[in-house]
Amino acid sequence: MLKTPVIHPTIMEALARSGHFAQVVIADGNLPVGAMTGPNSKTVHLNFRPGLLDALTVLEGILEVCPIQGAIVMEKPAEANADIHDAYKKLLGDVTWDEMERWAFYDKIREPATTLIIQTGEQRRFANLILTVGVVKMAEESGF
């Protein structure tokens, strides 16, 4: 039995093999994950039905078990709403943040550094998120 907040076996296995600078993708329900798979990525489908599970719930779980040092979202058109980006920033706190052009974002997901793609039932547009795994710091290493 696991005592961690996240107990999904495939997610835990993929996170366990994700070292510093590995990429973990939280995908909305519209991302064509079959076309995004890279040479080292594992895909987990959590999109049982629209809205279940949503991207913020998945991000909260990931943050409870894995250090994150950076995040990338897809640039949205000026007229589009992407309030979810603000919610991501609030949950992520002090991490590097970047926005990327759509096709470059898709190419980034396909990189060998991507170890896990979690497709959610998230229905908000522009909710795809690439997380960069950080390191677990020892107490005496807090200065860097």
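1. A crossing of two helices is right-handed if the near helix is turned clockwise from the far one by less than a right angle, and left-handed if anticlockwise. In this predicted model, the crossing of α2 and α3 is right-handed.

2. Geometry of that pair. Helix α2 covers residues 55–65 and helix α3 residues 83–92. Their axes come within 11 Å and cross at roughly 15°. Angles under 35 degrees count as roughly parallel, so α2 is roughly parallel to α3.

3. Residues in the α2 and α3 contact. From α2 come A55, L56, L59, E60 and L63. From α3 come I84, A87, Y88, L91 and L92. By class, nine residues of this contact are nonpolar, one is charged and none is polar.

4. A14 lies in helix α1, residues 9–16. Is A14 buried or exposed? Its relative accessible area is 0%. Buried means under 20%, so A14 is buried. Leaving aside residues up to four places away in sequence, A14 touches T115 and L116.

5. Q119 belongs to strand β5, residues 114–119. Relative accessibility here is 5%, so Q119 counts as buried. Which residues does Q119 touch, not counting those up to four places away in sequence? The contacts are A27, D28, G29, N30, L31 and V33, together with V44, H45, L46 and N47.

How values were computed. Residues are numbered from 1 along each chain as its sequence is written. This is a predicted model: local features need pLDDT of at least 70, side-chain atom pairs count only at pLDDT 80 or more; totals for chains, interfaces and linings use all residues. Side-chain values use heavy atoms; hydrogens and water are left out. Helices (H or I, at least four residues) and strands (E, at least two) are DSSP runs, numbered from the N terminus. Buried means under 20% relative accessible area, exposed over 50%, partly exposed in between (1.4 Å probe, protein chains only). Contact means heavy atoms within 4.5 Å. Axes are lines fitted to C-alpha atoms, for helices over the stretch in contact, and angles run from 0 to 180 degrees between N-to-C directions. Angles under 35 degrees count as roughly parallel, over 145 as roughly antiparallel, 65 to 115 as roughly perpendicular and the rest as oblique. Ala, Val, Leu, Ile, Met, Phe, Trp, Tyr, Cys and Pro count as nonpolar, Asp, Glu, Lys and Arg as charged, and the others, Gly among them, as polar.
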